[in-house]
Amino acid sequence: MTLPICTCDRDAKGQYLFDLICHHLNLLEKDYFGIRYVDPDKQRHWLEFTKSISKQMKSQPPFTMCLRVKFYPPDPAALKEEITRYLVFLQIKRDLYHGRLLCKTSDAAMLAAYILQAEIGDYDPGKHPEGYSSKFQFFPKHSEKLERRIAEIHKTELIGQTPETAELKFLQKAEMLETYGVDPHPCKDVSGNPAFLAFTPFGFIVLQGNKRVHFLKWDEVTKLKFEGKTFHIYANQKEDKKIILTYFAPTPEACKHLWKCGVENQAFYKLDKSSQVRTVSSSNLFFKGSRFRYSGRVAKEVMEQSAKIKREPPEIHRAGLVPSRSCPSITHGPRLSSVPRTRRRAVHISIMEGLESLRDSAHSTPVRSMSHGDSFIPRSRSQATDPGDGTAVISDETYSPSDSVLPTPVAEHSLEMAVSRQINGAPCSIEEEKESEAGTPTVGDMVELGADSRAVGPVQSAGALSETEQVNKFVLSVLRLLLVTIGLLFVLLLLLIILTESDLDIAFLRDIRQTPEFEQFHYEYFCPLRRWFACKLRWAGGLLINK
């Protein structure tokens, strides 16, 4: 089920397009979702609904965007409608495939088995030969032992479960994982070490190496600020402990995107009413920095509104895997749905709606995986939400969520090349993957988040970078403040001169006029200057008249 190309008015706002997509999907619980796009510089953005679509785009039409989960539900299994749960299921399945969602081996096997049950139904010996689970890659990498465990669970424990039940169980299992809802942003700390910053339904987290080094609940975060590439998080923890975390994004645009995501997530999960939302500035000074305001409803309002939904459940067209696609030849790759792409003079928005976009970018890719050992993390939700547990190990390996190696839509020859590179143990670098996104940013809406330092570019030595940037920013701030102060004083001086030279009969102005200093200034400076200006004006007027 694909949404056809939408023709929008040039001045149409993002809200119009979003409402159009939700109407097509028959989706009422739409506040959890957003529209994501990638600009020509490969920077991700969320489409702002209050602004014109064309003004947000730096590229030429037609524009390609994706429907994505923007705010992960704190309890996805408690969503009111099945269509909403299905779309969230597709997003989390995508997160699992790209390495964003990490879990221990037993949970990984159960999650993959739920996906198989939801997509291909009960195990059938006639349709599913030995080793059928190995034809689908649910994770960035896994072992043959895990593949056998997935098939065993699917054959014995999930028989009779409908797709709805399998998806619900999948959501309940995923919600308990520590990295549920993580949309990681690559950064570096003050020492130059790679880190990933993320905003979840429960708070702000920092992942570094194979550990979660910081977790701040939303109630503890007091301010988010950025300047250039520098991002600051201010928080108050228990016993009035105040902390400030500082990180450096790859580019100023990436830092601003990180800041805006943080502002929106904090407003959505922390506030009780949307009327409490305020415009936020990225700086303490009124004359500098960016200003941004979250424009949607907050989580509590969304849940209250969802409880009022009373209608017949809409029909869901699930993207089940047909038998011919269950175990295809590895050389042919998966058969992706084609998307019409046309160019017209008007502003066109080419959208892969949620069911198609998420499915094609996160489907169980029929590709033989290599054995890399079990690298999933034994963690629990209670550990994830305890801010006082210090550094928490989340993985046996470095946390390294990858970008999609299967852009959507994609030609089959391109797919085979990407898959073969992945199988041979040579994943695309960030530069190569970004190049592949240039024409099809539908799935290329995620920056490669590997621990490789290339993801954030070359960095100087830790101490030199931190000290130099801090000194430069301090000097710039002082210069700006000095210039503004001088400007204000100059304006006030001009205003005072105008008032004193006017005919206004005010007591304090009369007192000023009668002082010897003012009389000296008036006759020696102001009067000659006024005569000079008058002479120049008459000369200029004479030139204009003569012409």
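**Figure 1. Contacts across the whole chain.** Among contacts (heavy atoms within 4.5 Å) in the protein with a separation of 6 or more, 70% are between residues 24 or more positions apart. This is a predicted model, where local features need pLDDT of at least 70, side-chain atom pairs count only at pLDDT 80 or more, and totals for chains, interfaces and linings use all residues. Residues are numbered from 1 along each chain as its sequence is written, and side-chain values use heavy atoms, with hydrogens and water left out. The protein has 16 helices and 15 strands, taken as DSSP runs numbered from the N terminus (helices are H or I, at least four residues; strands are E, at least two). Of its 547 residues, 49% count as buried; here buried is under 20% relative accessible area, exposed is over 50%, and partly exposed is in between, using a 1.4 Å probe and protein chains only.

Figure 2. Aromatic pairs are rings of Phe, Tyr and Trp (its six-membered ring) with centres within 6.5 Å; planes under 30 degrees apart are stacked, over 60 edge-to-face, and the rest tilted. By that rule there are 17 aromatic pairs. Tyrosine 86 and phenylalanine 89 make a stacked one, with 6.3 Å from centre to centre and 20 degrees between the planes. Both residues belong to helix H3 (residues 82-97), where they sit three residues apart, about one turn of the helix. How buried are the two? Tyrosine 86 has a relative accessibility of 3%, so it counts as buried, and phenylalanine 89 is buried too, at 2%. Elsewhere, Tyr32, Phe71, Phe268, Tyr269 and Tyr294 come together as one aromatic cluster.

**Figure 3. Arginine 318, over a ring and in a salt bridge.** The charged end of arginine 318 sits over the ring of tyrosine 86, 5.1 Å from the ring centre. The test for this is NZ of Lys or CZ of Arg within 6 Å of the ring centre and within 35 degrees of the ring normal. Arginine 318 also forms a salt bridge with glutamate 164, with the closest N and O atoms 3.6 Å apart; a salt bridge means a side-chain nitrogen of Lys or Arg within 4 Å of a carboxyl oxygen of Asp or Glu. This pair links distant parts of the chain, 154 residues apart: arginine 318 is in the loop between helix H8 (299-307) and helix H9 (323-326), and glutamate 164 is in helix H6. Arginine 318 is partly exposed at 23% relative accessible area, and glutamate 164 is partly exposed at 34%.

Figure 4. In one of them, the side chains of lysine 173 and aspartate 107 meet at 3.3 Å, N to O. Lysine 173 is in helix H6 (residues 163-175) and aspartate 107 in helix H4 (residues 105-120), so this bridge ties together parts 66 residues apart in sequence. Another bridge joins lysine 300 and aspartate 272, with the closest N and O atoms 2.4 Å apart. Here lysine 300 comes from helix H8 and aspartate 272 from the loop between H7 and strand E12 (280-281), so parts that are 28 residues apart in sequence get tied together. Both ends are partly exposed, lysine 300 at 39% and aspartate 272 at 37%. Through shared partners, salt bridges also join Arg36, Arg44, Asp95, Arg100 and Asp183 into one network.

**Figure 5. Glutamate 264 and its neighbours.** Glutamate 264 is part of helix H7 (residues 252-270) and counts as buried, with 10% relative accessibility. Leaving aside residues up to four places away in sequence, glutamate 264 touches Lys70, Phe71, Phe292 and Tyr294.

**Figure 6. The largest cavity.** A cavity is a set of points on a 1 Å grid over the protein atoms alone where a 1.4 Å probe fits but cannot get out; lining residues have an atom within 4 Å of a point. The structure holds six cavities of 30 Å³ or more, and the largest has about 190 Å³ of space, the volume being the space filled by probe spheres set on the points, which are joined across faces, edges and corners. Its lining has 21 residues, with Arg36, Trp46, Val69, Lys70 and Asp183 nearest the centre. Strand E4 (63-69), H3, strand E6 (194-200) and H7 are the elements giving two or more residues to that lining. Which element gives the largest share? H7 does, with four residues.

Technical notes: On a 1 Å grid over the protein atoms alone, a cavity is a set of points where a 1.4 Å probe fits but cannot get out, and a pocket is an open set with protein on both sides within 12 Å along at least five of seven lines; lining residues have an atom within 4 Å of a point.
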